[in-house]
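Open the model in your viewer and keep the selection panel at hand. Each stop below says what to select and what is there.

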Amino acid sequence: MGPGGKRNETMPGKQMTGSQMVLKALCDQGVEVIFGYPGGAVLPLYDALHQQNAVRHILVRHEQAAVHAAEGYARSTGKVGVVLVTSGPGATNAVTGLTDALMDSIPVICLTGQVPTHLIGNDAFQEADTTGITRPCTKHNYLVKNVDDLPRVMHEAFYVAQTGRPGPVVIDLPKDVLQAKSAVYIGPEEVKHPSYRPRTKPDPRAIEKAIEVIAKAKRPIIYSGGGVINSGDKASRLLTRFVRALGAPCTNTLMGLGAYPASDPQFLGMLGMHGTYEANLAMYNCDVLINVGARFDDRVTGRLDEFSPNSYKIHIDIDPSSINKNVVVDLPIVADVGAALDALVKGWTNGGHSLSQRALKAWWKTIETWRERDCLSFKTKSAVIKPQYAIQRLYELTKDRETFITTEVGQHQMWAAQYYKFEQPRHWMTSGGLGTMGYGLPAAYGVQVAHPEALVVDIAGEASIMMNIQELSTLAQYDLPVKIFIINNQWMGMVRQWQELLHGGRYSQSYSASLPDFVKLAEAFGAVGLRASKPEELDDLILEMVDSPRPVVFDCQVDQTENCFPMIPSGAAHYEMLLGPGDKAAKPVSEEGMVLV
Amino acid sequence: MAPRDLSIEKRTIAVLVDNEPGVLARVIGLFSGRGYNIESLTVSAVDPARRQSRITVITSGTPQILEQIKAQLDRLVPVHGVSDLSMEGPSVERELALVKVAGKGNKRVESLRIADIFRARVVDSGHEHFIFEMTGKSDKLDVFIDLMRPLGLVDVSRTGVVAISRGPTGLLS
Ligand SMILES: Cc1cc2nc3c(=O)[nH]c(=O)nc-3n(C[C@H](O)[C@H](O)[C@H](O)COP(=O)(O)OP(=O)(O)OC[C@H]3O[C@@H](n4cnc5c(N)ncnc54)[C@H](O)[C@@H]3O)c2cc1C
Ligand SMILES: Cc1ncc(C[n+]2csc(CCOP(=O)(O)OP(=O)(O)O)c2C)c(N)n1
Ligand SMILES: [Mg+2]
């Protein structure tokens, strides 16, 4: 028994195997479902799983999908997502998903099988150095060599995954440890982590200072991100209250969409590379910038030395390493977003503060002139479906239902972020930090498992969907009525767009050749296949899709040449945004910009 | 935005960690994965009862990078505390070197004479060699080793720097 766990020596518990302990710990942590795939090293655990009913197992078709499914489950519920895979290839297949969860701060526990302890290091069959491989792509990982340590490690892992900045945790379980017996099971309440105590309460002096600065602001903006979602629904409500109390504009990152209601007039839309004109110009011109749970990502800041050059910057983040990482700020507030917002709202209202209404009016007047550019407008055509139009119709026809949206990666992802309006947190799951094609379908059924009655739509690209297409079989097995809405432009559109803009239109390997017939493919997997190619048939088919009780693959054939705007070319500043196809960059993309991704 | 300070500084950082398997790999992986410099790194268990080890690392970078390094170290789960000894008041830094010198005649006498001046101890000797043990600041060790070079220097083994803050307070207090 390691530090932190106390054993009750006088009352030895019942003898249990390692596998039984794992399941008991999962139950004690409130886990109802896990996503996994069996193999030799985890057979004892699968055997124990077979003899109980408390934990449900969803059999995926590829271990990467198991992790994405757990991410979707976690993001849509606020709980920890749990994965179970075998040693060697099972563990290595999970690596992309783990990296994805790390980048997007998603709490996931991944149980990996391992060869028995006496064979570790011998290049045994299906041995991989799982803790070595996953060290840089997890928040923390464990190799359990003694069954007595197992309960403590399980509970510690849950604590680490969801405390502070959430993230994935791997527990590597040698087969002999799963089979060994022990009587030292301890519950979660008996485990206290020896060192990990992230700060959650804000420094009151920092809050006071923030209020003092904000109260004098003439052109403030709130830039909020995924940290608000991580913090919980209360944080979103507090954010809304705070923004409304100020009367200031609010913009969200890709990861933060839904943290602030999109229909609210104070919402400027998403910011960043494919953000709105008004959001980016407001960031450039503001005098006080309040970052609430966002990490100044390069997709958001554009050229760093031109990023919001004249503002006083306040940054609320639970992770001290996010502070001053990319952008040097004036006032860091290390705290949970919810706790910090609570203190800010109280301080603001109790102090009877308000912004200068004259300044605020002038600020909004300027913002309205930017808004009038209507940067998300697009020209519809009668002969061909515009991808933006397809998403707009999907939004209009699903907004009155309980709808969750996931995406793959590419232009369709950006259009989904721009044209689908999210009113609440936890209804939007996308791979932001890693940008993992193949994320959307497994994430969608992870959401569906948690919300069986809800409508769950994966807005996909025809290239991305091929990366985890085998998961259609998982949908079939569990009757998960996920809708896959493929924005089929026959191209890796995002790649093609960069090649058009940056590489002289040399479309190297970006055409989606030899695509399957998606309708027949759907049918082969027991799903419904639908196809639309004309604008006038779109509504009826979307309604058919959402009304179907079965999984649906919707092949939405769209304009192949459409590009995603607005766009800030890499290495450019916020004011150098391209608004449409006619817009050429003011200056050619610099060499510095060309090396950026 | 405050202009970035791009001057490169050197820092000695002490890290108190849980002595669990892989903890050193985590620290080293952090430095290599994020492209930080390591000029010296030492580690040893310091409190067997509480299973804690102490790592001393000398690194360099711009002030912003150095701040990142400390924050990144501190967010590793098994880390109890991080202390920037170069910034948080005065501290003591020491390194130990074992220096093997082989030679005869005058050179041999000369090496012993210099060792005496540097207060190095002889820990092994034969007719044709000495092993000196020397403790001190790293730059003093550098000078000593340089002086031994023409006198038949064979091998050097250095511990890397260990450091501790002056005064009554500890890393976690
Ligand atoms: C093709 C593509 C294009 C993209 N274009 C854009 C774009 O135009 N605009 C855009 O915004 N993004 C874009 N992204 C996404 C981008 O790469 C980043 O993933 C995203 O901007 C990060 O969002 P975030 O800053 O909200 O941080 P997240 O990654 O969500 O991180 C959350 C931050 O909050 C902190 N935090 C977590 N929990 C808490 C808590 N409880 N309390 C306080 N703080 C907490 C964390 O420490 C972290 O710093 C794009 C991605 C792709 C794949
Ligand atoms: C696993 C993975 N490989 C490669 C990429 C690089 N990439 C980003 S977008 C994209 C094209 C996506 O094409 P599609 O799914 O058709 O979406 P579209 O851009 O056409 O909407 C590629 C290859 C990636 N993000 N993920
Ligand atoms: Mg495409």
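This is a predicted model: local features need pLDDT of at least 70, side-chain atom pairs count only at pLDDT 80 or more; totals for chains, interfaces and linings use all residues.

Residues are numbered from 1 along each chain as its sequence is written, chains are lettered from A and ligands numbered from 1 in the order in which they are written, and side-chain values use heavy atoms, without hydrogens and water.

**Stop 1: ligand 1**

Select ligand 1 and its shell of 36 residues (a heavy atom within 4 Å of the ligand). The closest are A:Gly226, A:Thr253, A:Arg295, A:Asp317 and A:Asp336. Now look at the ligand's oxygen atoms. One is 2.7 Å from a side-chain N or O atom of A:Thr253. A backbone N or O atom of A:His274 lies 2.8 Å from a ligand oxygen. For a polar backbone atom of A:Gly432, the distance to a ligand oxygen is 2.9 Å. Alone, ligand 1 exposes 990 Å², and the protein buries 96% of that (Shrake-Rupley method, 1.4 Å probe).

Next, colour by helix (DSSP runs of H or I, at least four residues). Helix 10 (226–231) of chain A supplies the largest share of this shell, four residues. Helix 13 (298–301) and helix 17 (411–419) of chain A each supply at least two.

**Stop 2: ligand 2**

Select ligand 2, which 17 residues surround. Among the closest are A:Gln411, A:Ser464 and A:Trp491. A nitrogen atom of the ligand lies 2.8 Å from a backbone N or O atom of A:Gly435. An oxygen atom is 2.9 Å from a polar backbone atom of A:Met494. On its own, ligand 2 has 590 Å² of accessible area, and the protein covers 77% of it. Helix 20 (493–502) of chain A gives the most to this shell, with three residues.

**Stop 3: the cores**

Select A:Phe485. With A:Ile214, A:Ile333 and A:Phe554, A:Phe485 touches the most other members of the largest nonpolar core, which has 110 residues. Such a core is a set of buried Ala, Val, Leu, Ile, Met, Phe, Trp, Tyr and Cys residues joined through side-chain atoms within 4.5 Å; buried means under 20% relative accessible area (1.4 Å probe, protein chains only). A second, separate core of 48 residues includes A:Val60, A:Val95, A:Val447 and A:Ala460.

**Stop 4: B:Ser83**

Finish in chain B. B:Ser83 lies in strand 4 (residues 79–84) (strands are DSSP runs of E, at least two residues). B:Ser83 is buried, at 6% relative accessible area. Its side chain makes a polar contact of 2.9 Å with the side chain of B:Glu88 (a pair of N or O atoms within 3.5 Å; within protein, one must be able to donate a hydrogen and the other to accept it, and residues adjacent in sequence count only if both atoms are side-chain atoms).

How values were computed
Buried means under 20% relative accessible area, exposed over 50%, partly exposed in between (1.4 Å probe, protein chains only).
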